[in-house]
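Hi,

Here is the structure I promised to pass on. Have a look at it first, and then read my notes below.

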Amino acid sequence: MLNVHKLWLFTSMCVVVVVILYFQSEIARLEDVYRKLEFRVLQSHSEARQYTTREPPRDDDNLVVIYNRVPKTGSTSFVGVAYDLCKKNHFKVLHINITANMHVMSLSNQYRFAQNVTKWQEVKPALYHGHMAFLNFERLGTNSRPIFINLIRKPLDRLVSYYYFLRHGDNFRPHLVRKKHGDKMTFDECVEKGQADCDPSNMWLQVPFFCGHAAECWRPGSSWALQQAKHNLVQHYLVVGLTEDMLAFISVLEASLPRMFKGATDHYRSSNRSHLRQTSAKIEPSQRTIDKIQQSLIWKMENELYEFASEHFKFVKKKLLKEANSVPQVFFYEKIRPK
C-alpha cells in the first residue's frame, strides 16, 4: 500500500514538473515572439519617421525642362534668373533658335528635336527655352518626356506691349533698331484707323502656343484650338504662371523643382530681374480702344485661356502658400505587402 502511494506521489510530481516545464517553454517562446514583434514595430516607426522627415531627392540628373516662351510675356526676365542660377545649381540652360524665328517645326525636326532633347545626356539636367509651340513628346515616340513650364499674360496687354516694342524697342537692347522704328502712331490711333498692326487677330498667339503644332491651332478663332490649349495646359505643363505675378511663379518652381531653382526666389527679389526688358515709350490704350478690342472673338477666346490659366495657377499658389504657413504636407508608405 505504501509503495502504491509513493508511486502515485512520484507520478504526480513528474506531471507537475512536466507542466511547469511546458509553461516555462511557452512563456519563453511567447517572450521571444513579443521581442520580435516589438522590434518590428519600432523598426516600422523608425522607417515611417524617415519617410516623413527626409528631404525629397534633389539630385535628378536626368531632369529636362522646356520653357516654350510666348513673346512679350516677361520671358527674358525669367530666363535671366535661370542663367544666373545654372552654374551654382549645376544645370545647363540652352536657347532653342529656330530658323527665321518660326514658332513651329517641320515634322522631321520635331522628331529629331524630341530624340535629341531626351537622349543628350551630356547636358542634363537642362532647361531649354525658345519661342516655339508646345510639342507632344508622347506622339513622337520618346521613352521619356520633359517637363513643360510657361508664363501667360493678359492678351491685350501683350498686344500693346508688342506694338510699341516694334517701334521703340526696350531697355534690354536699347540701341537695336526695330522693324517699325520711326512709326509714331499710337495704338489708339492704329485701332481707330483699322490698321493691320493692331488688328485683334494679332492676339492669336498664346492659344496656338499652348495648343501645339497642329494646323488647326494656328487658325484664328478656332474653338478646337482653344480647348486643346486648355487640355495641354492642365495635362502637360507642370506650372503656368502669370506675367504680373512672376515672383509667385518663381516661388512655385523653387518649391517643386529645387534641383534647378533652389534660391531662385531670393535671387529674384534681390536682383534687377523684375525690371529687365521693359518696352520703351509704351502708352496705355484708352477705354474706348479697350472696349472696341474686347468686342472681338479673338480677344474673347485668348482672354478665356488667360482666365483659365489664372484660376489654375491661383489654385496651385494657394496650396503652396497654405503649406508654407502651416504643417508641411508629407507622404509615406505603409501596409506594404507581402512582407
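Searching the whole structure turns up 1 cavity of 30 Å³ or more. A cavity here is a set of points on a 1 Å grid over the protein atoms alone where a 1.4 Å probe fits but cannot get out. The largest cavity holds about 40 Å³ of space, a volume being the space filled by probe spheres set on the points, which are joined across faces, edges and corners.

Its lining (residues with an atom within 4 Å of a point) includes Leu 233, His 312 and Phe 313. β5 (237-242) gives the largest share, 4 residues, and α12 (297-324) also supplies at least two. Both labels come from DSSP runs numbered from the N terminus: helices are H or I with at least four residues, strands are E with at least two.

Now the cysteines. There are 2 disulfides, meaning pairs of cysteine sulfur atoms within 2.5 Å. Cys 190 is joined to Cys 198, S to S 2.2 Å, and the torsion there is about -95°, so this disulfide is left-handed. Cys 211 pairs with Cys 217 at 2.0 Å; with a torsion of about -65°, that disulfide is left-handed. Cys 211 and Cys 217 are both buried (under 20% relative accessible area, 1.4 Å probe, protein chains only).

Two notes on reading this: the model is predicted, so local features need pLDDT of at least 70 and side-chain atom pairs 80 or more, while totals for chains, interfaces and linings use all residues. Residues are numbered from 1 along each chain as its sequence is written, and side-chain values use heavy atoms, without hydrogens and water.

Cheers

Conventions
On a 1 Å grid over the protein atoms alone, a cavity is a set of points where a 1.4 Å probe fits but cannot get out, and a pocket is an open set with protein on both sides within 12 Å along at least five of seven lines; lining residues have an atom within 4 Å of a point. Buried means under 20% relative accessible area, exposed over 50%, partly exposed in between (1.4 Å probe, protein chains only).
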